[in-house]
Amino acid sequence: MRYLSDIIEGLAFTELQGSADIEITAIVFDSRKVIPGCMFVAVKGTVVDGHDYILQAINDGAVAVICQELPARVTGEVDFLMVADSSVALGIVSANFYDNPSLKLKLVGVTGTNGKTTIATLLYKLFRDLGYKCGLLSTVENQVNGEVIQATHTTPDPVELNKLLHEMVEKGCDYCFMEVSSHAIAQHRISALKFTGAIFSNLTHDHLDYHKTFEKYLKAKKAFFDGLPSNAFALTNIDDKNGNVMLQNTSAHKKTYGLKSMADYKARILENQFEGLLLQIDNEEVWFKMVGTFNAYNLLAVYAATMLLEQDKTKILTSLSKLTGAKGRFDYIVAPNKVIGIVDYAHSPDAIQNILSTVHDIRKNNEKVITVIGCGGDRDKTKRPVMAKAACEWSDKVILTSDNPRSEDPAQIIRDMEEGVDPAFKRHTLSIVDRREAIKTACMLANPGDIVVVAGKGHEKYQEIHGVKNHFDDMEELSAIFKDLN
């Protein structure tokens, strides 16, 4: 419980009606979660406007309200604070309520289209291996020094985010590594957080259903770097054409990493196999358990960030060489008949190309590649034909299927994908709505030594159809089918 005067410290408000001496039990922006004595923050969302629920929140016990517009009927028993942007205010009051936890540990954010989860997870594992207490905030899961907390969003809302950071501080964590999504930046979920460093992986076609244009998507990522303090570091992939853009207006210490360009931290791929990568990194040859050029970038980003956090080079490389990445990222198994199965979270055109080009590079004897791929419903429709096109260009056979259709007709999603299939690839392409049947068909079409890639869902343990989440695990399905392949 905190006093209102403490919670609104640093908040720019145009009007305060009431007393700042009242006690606040919680910060709430969802009217369904209102409890007696709480502060309700009315946020204008993309679908729902919290201002429509102010009176309901007051009736349910809210004693203070932050809003951009006062309701028609105002009661004198409730404090009102008028602000220009309540989503920004939510971040500030949430941080204050939990005593600004980001000031009490070293917080490193990772942003970009692909690689966020792997980089954040590797940093978390690495620093734990180096003997530190750490927290992780990621798409796959949140962790507080080994305690797993299920993740619902890539970046949690400001209240949950500060609550988790506060818990990390309470448990003695020295570091927190978190994914920072473009949605979170645009929605001010990270406002009022102090970052020790930021890492940019890459930027490709994704999330245009939300941002509408690639320029706005780029600006959202850049805003994260623009807001860094002068004593933080800004680490960017200089090989990505947008890497330098991230550094243009930041006050942070600017550092770069890359495989191709001149960079502060540089690596070279010496060997790339299913068993792992041999990299020359900072003039040291090191064997890593991870696979592919995209993971060479991820490993280099982790190495660079850890060096910027002033850790010992030898200890970093020794520990990093033992680690594996996040769940559902290039996970592979081998069937009794030697068919290789790969499950990956790739759900953007660039990610699909990265995975399949990696498979193409490391296969030994022109084994066939059979790819199972779908696209999510209620998401960016423009990438559907592009993803199908990429899959066809890098595969011998492609099966278009359902991912998480959500509220959309899965057959229509597949038809959207089919628009990207060139006539030359049509006879090598099948469309099977049922994902389980699609995976089974791919396995039946595979001969010993062939490679079946199941893309799109990765670590997810469910499939959402018509708003209902049903248990579905790509690796479970693949493993069960593989047992019968002799």
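His188 counts as partly exposed because its relative accessibility is 26%; on this scale buried means under 20% relative accessible area, exposed over 50%, and partly exposed in between, with a 1.4 Å probe and protein chains only. The residue lies in the loop between helix 6 (182-186) and strand 13. Helices here are DSSP runs of H or I with at least four residues, strands are runs of E with at least two, and both are numbered from the N terminus. The phi of His188 is near 60 degrees, a positive value in a residue other than glycine. Most residues other than glycine have a negative phi. Asn100 is another residue with a positive phi, near 45 degrees, and Asn100 sits in the loop between helix 3 (86-97) and strand 8 (106-111).

Before we go further, a word on the model: it is predicted, local features need pLDDT of at least 70, side-chain atom pairs count only at pLDDT 80 or more, and totals for chains, interfaces and linings use all residues. Residues are numbered from 1 along each chain as its sequence is written, and side-chain values use heavy atoms, with hydrogens and water left out.

Let us start with helix 1 (residues 4-7), where we find Ile7. With a relative accessibility of 0%, Ile7 counts as buried. Setting aside neighbours within four places in sequence, Ile7 is in contact with Arg2, Ile24, Ile27, Met39, Ile92, Val93, Asn96 and Phe97; contact means heavy atoms within 4.5 Å. For a sense of scale, Ile7 and Glu271 are 264 residues apart in sequence and 54 Å apart in space, C-alpha to C-alpha.

Next come two paired strands. Strand 5 (residues 39-41) and strand 6 (residues 64-67) run parallel and share three bridges; two strands pair if DSSP finds at least two bridges between them. Within this pair, Val41 stands opposite Ile66 of strand 6. In a regular strand the side chains alternate between the two faces of the sheet. Strand 6 is covered on both faces, with Ala64 and Ile66 buried on one side and Val65 and Cys67 buried on the other.

Now turn to an open sheet of 11 strands, with mixed pairing and the order 11-10-9-12-8-13-14-15-16-17-18. Its edge strands, each pairing on one side only, are strand 11 (147-150) and strand 18 (284-288). On average, neighbouring strands of this sheet are turned by 20 degrees against each other, direction ignored. Strand 9 (residues 134-137) and strand 12 (residues 175-179) run parallel and are joined by four bridges, with Leu137 having Met178 of strand 12 as its bridge partner.

Helix 9 packs on this sheet, touching strand 13 (197-200), strand 14 (233-237), strand 15 (253-258), strand 16 (265-273), strand 17 (276-281) and strand 18, and its direction makes about 145 degrees with that of strand 16. Among these, strand 14 has five of its five residues buried, so it is largely enclosed by the rest of the structure. Phe233, Leu235 and Asn237 cover one face of strand 14, while Ala234 and Thr236 are on the other. Strand 14 runs parallel to strand 13, joined by four bridges, and Gly197 stands opposite Phe233. Strand 14 also pairs in the parallel sense with strand 15 over five bridges, where Leu235 stands opposite Lys255.

Two packed helices are described by the angle between their axes and the distance between the axes. Helix 4 (residues 116-129) and helix 9 (residues 293-308) pack at about 45 degrees with their axes 9 Å apart. Axes are lines fitted to C-alpha atoms, for helices over the stretch in contact, and angles run from 0 to 180 degrees between N-to-C directions. Helix 4 is therefore oblique to helix 9: angles under 35 degrees count as roughly parallel, over 145 as roughly antiparallel, 65 to 115 as roughly perpendicular and the rest as oblique.

Our last stop is helix 12 (residues 383-393), whose axis comes within 7 Å of that of helix 13 (residues 410-418), crossing at roughly 60 degrees. Arg384, Pro385 and Ala388 of helix 12 meet Ile413, Asp416 and Met417 of helix 13. Buried residues of helix 12 include Lys383, Met387 and Cys392. The buried residues of helix 12 pack against helix 11 (349-362), strand 21 (369-375), strand 22 (397-402), helix 13 and strand 23 (429-431).
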